[in-house]
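Subject: Two-chain model, handover

Hello,

Here is the structure I said I would pass on. My notes come after it.

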Amino acid sequence: MMALAAIVVDSLVYASWLFIVSIGLTLIFGVMNVLNVAHGSLYALGAYTAAWGVGMYVGGAPDAGYVLLAIMLVAAIVVGVLVGILIERGVLRWVYGRDEIVIVLATYAVFLVLEDVMKLIFGPESYIAFQPRFLFGTVSVAGIPYVGYDLLLVPLVALIGVGIWAAIHRTRPGKLLIAVIHDREIASALGINVARFFTVTFLCGAILGALGGALSAPLISVVPGIGVELIVLAFAVVVIGGLGSVEGAAIGALLVGLGRTAAVFFRPELELFVVFVVMTVVLAVRPEGLFGKPQTRRI
Amino acid sequence: MTTLRNIRPTTAGIALAAAALLGLWPLLPAWAAHTAAVSLGGGLVALGLMILIRFGLVSFGQGLFFAIGGYAAALANQFLGITDMLVLSVAGIAAAGTIAWALGYIVRGHRGIFFAMLNLAFSMILFGILAKTVALGSTDGFSVGVPTLLGVAPGPEAGRLTFVLFGFIVISSALVAWMVDRILASPVGYAGQGVRENELRLRYLGVSARGAVHLAYIMAAKLAALGGVFTVLLIGHVTPEDTAYWTKSGEFVFVAILGGAGNVAAPFIAQTVFELVRTFALQYVPEAWQMLLGITLLLVILFLPGGLWSLVDRLRGRNA
């Protein structure tokens with residue numbers, strides 16, 4: 001019973017984390033048809049910047065409190081806006097309209113560049129920003145003590161998810177965005193500034209990626225290579241739910257979260273295996289994902 | 001009758017390049033011979049990707065077959081005691097061919113991003129298995145003995161890269177490149193163009209697009225496996241991260257794009273450039289190696305969509 005409760009809670013926490021680190025990826029793909037490999041770099045940059053900011057602040061004020069959360073948020077927004085603009089205006093706009101695989105390769109190139117940029121800025125050593133994680137004490141669920149920060153991720157991420165969904169389906173710009181998703185040419189003929197929607201969407205996706213990193217910073221030790229590991233995991237999450245679908249990303253995160261947690265409990269050596277087996281099965285049987293809409297195919 | 005005039009320029013080029021490499025062996029310093037041999041191994045993997053690119057497909061998981069080839073050879077060596085490089089190569093190709101044949105039934109209906117991602121998922125499954133299998137050294141991998149050829153064993157002082165291994169790699173790469181060139185000029189090769197440009201029309205012509213993709217997929221897998229065998233024999237060690245992880249697959253895609261799909265020589269040229277630049281970059285600017293790769297890839301995508309080979313085509317066009 002206790003094991004079951006532990007698996008459920010762990011899965012939920014892990015799924016929330018998966019959702020926040022991959023939602024930006026699916027958002028950008030859904031609107032722009034860009035599978036952004038550089039999402040891994042945005043995550044890593046967000047984590048580095050947040051960890052660095054928290055470290056700097058804590059150095060001056062030992063009991064900093066909730067200011068740390070503000071620092072993490074600011075770090076995510078600054079990184080997302082700066083790097084997002086750089087990628088979208090600097091690289092992507094030159095390859096719009098080319099084959100989607102070419103666009104993937106362009107973002108892969110950006111990813112490679114940013115990997116080294118991070119090493120040059122932050123060096124090879126690890127950054128640890130554990131302080132925010134202990135702001136909320138520990139909470140006991142079914143007799144098992146949990147770190148409050150981890151549990152709070154669940155409602156926070158649920159809020160972000162609902163917020164994104166509402167922004168798309170319940171606001172005017174959201175409705176215009178749906179028009180852009182369905183048909184770029186008609187949307188632009190109706191007077192919608194498609195280029196601006198692209199830029200704004202990419203910035204939102206980039207900020208979400210960096211936010212995922214910033215929120216992860218207290219949970220992990222921030223070292224070179226975290227972006228490399230994250231991006232394949234995020235791919236799995238968004239592909240399982242259906243590329244470009246917010247609801248899908250949530251389902252994908254829950255499935256991967258549950259699968260991986262169960263693996264860790266029962267057969268730890270299958271941890272990575274489980275995730276990609278699920279991804280493979282979904283891709284093989286329903287390439288558009290559990291929540292994606294089947295496209296008219298040429299074959 | 002085949003006269004000298006009728007020989008394809010590519011065939012002549014392959015034969016000349018192979019002869020030159022073999023002839024240069026006594027003059028080549030050890031590092032250069034090693035770089036050349038490693039480039040041929042990696043070039044074979046990129047050659048497989050080039051076939052897929054001709055079909056309009058990019059695989060982000062070619063490390064899967066590279067790893068299968070490398071591990072098949074390493075396992076046959078370690079657990080069956082086989083040292084013959086010919087047998088090890090056949091083992092690698094057979095293993096990859098069989099698995100690609102089976103997986104082909106799943107991937108042949110996929111195109112674009114889904115094809116790339118499905119292969120990525122396959123390779124990550126293998127990585128997950130290899131990295132957690134203690135019997136195979138987990139993430140540390142294991143070592144591979146010095147190979148022999150038809151009973152010819154190198155002397156104890158000869159080191160890993162002997163003339164036998166070098167010659168074997170050069171000659172088999174040349175033969176394989178020649179075969180691929182011929183296949184690309186055959187109906188199967190032209191079916192690739194059909195799949196890339198208009199699959200529906202291809203079907204009206206009575207050609208099975210899925211069947212053609214399946215064939216290309218198996219070919220690419222066998223090439224990657226042979227490259228894996230060569231690489232493992234040259235390096236003497238095999239690990240999951242240097243074979244099956246997605247970063248390795250990304251490297252191969254980089255090389256294939258850098259070379260371009262214009263000619264079977266392109267992947268080998270690109271892989272050689274890649275290896276040389278890596279050798280020097282790791283020595284002088286180790287912090288900026290990936291940055292160099294990324295910027296090069298961006299420049300190729302933006303200004304040289306046909307890869308390095310399009311430069312050759314451009315030169316030839318000017319001369320003609």
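The notes below go through the chains, then some local features, then the interface.

This is a predicted model: local features need pLDDT of at least 70 and side-chain atom pairs count only at pLDDT 80 or more, while totals for chains, interfaces and linings use all residues. Residues are numbered from 1 along each chain as its sequence is written, and chains are lettered from A and ligands numbered from 1 in the order in which they are written.

Overall folds

Chain A has 11 helices and 2 strands (DSSP runs, numbered from the N terminus: H or I of at least four residues for helices, E of at least two for strands). Their order along the sequence is α-α-α-α-β-β-α-α-α-α-α-α-α. The radius of gyration of chain A is 19 Å, in agreement with the value near 19 Å for a compact globule of 299 residues; this radius is taken over C-alpha atoms, and the globule rule is 2.2 Å times the number of residues to the power 0.38. The C-alpha atoms of chain A fill a box of roughly 55 × 45 × 35 Å along the principal axes.

Of the 299 residues in chain A, 48% are buried. Buried means that 20 or more other C-beta atoms lie within 10 Å of the residue's own, with C-beta atoms placed from the backbone; exposed means 12 or fewer, and partly exposed is in between. Contacts are pairs of residues whose C-beta atoms, placed from the backbone, lie within 7 Å. Among those in chain A between residues at least 6 apart in sequence, 75% join residues at least 24 apart.

Chain B has 13 helices and 2 strands. The radius of gyration of chain B is 19 Å, close to the 20 Å given by the globule rule for 320 residues, so chain B is as compact as a globular protein of that length. In chain B, 51% of the 320 residues are buried, and 80% of the contacts between residues at least 6 apart in sequence join residues at least 24 apart.

Local features of chain A

Gly46(A) lies in helix α2 (residues 39-60) and counts as buried because it has 33 C-beta neighbours inside 10 Å. Leaving aside residues up to four places away in sequence, Gly46(A) touches residues including Ala75(A), Ala76(A) and Val79(A), as well as Gly209(A) and Ala210(A).

Ala75(A), Ala76(A) and Val79(A) are among the buried residues of α3(A). Helix α3 (residues 67-95) has 29 residues, which should span 42 Å at 1.5 Å a residue; its end C-alpha atoms are 41 Å apart, which agrees. The expected span is 1.5 Å times one less than the number of residues. A kink of about 35° in α3(A) is centred on Glu88(A), the bend being the angle between axes fitted to the seven residues ending at a residue and the seven starting there. Glu88(A) is also buried. Just after α3(A), Gly97(A) takes a positive phi of about 90°.

Strands β1 (residues 138-141) and β2 (residues 144-147) of chain A run antiparallel, joined by 4 bridges; strands pair if DSSP finds at least two bridges between them. Val141(A) stands opposite Ile144(A). The hairpin has 2 residues between the strands, and Ala142(A) takes a positive phi near 50°.

Interface

36 residues of chain B are in contact with 36 residues of chain A. On the chain B side, α5(B) gives the largest share, 14 residues.

Regards

Note on methods
Two residues are in contact if their C-beta atoms, placed from the backbone, lie within 7 Å.
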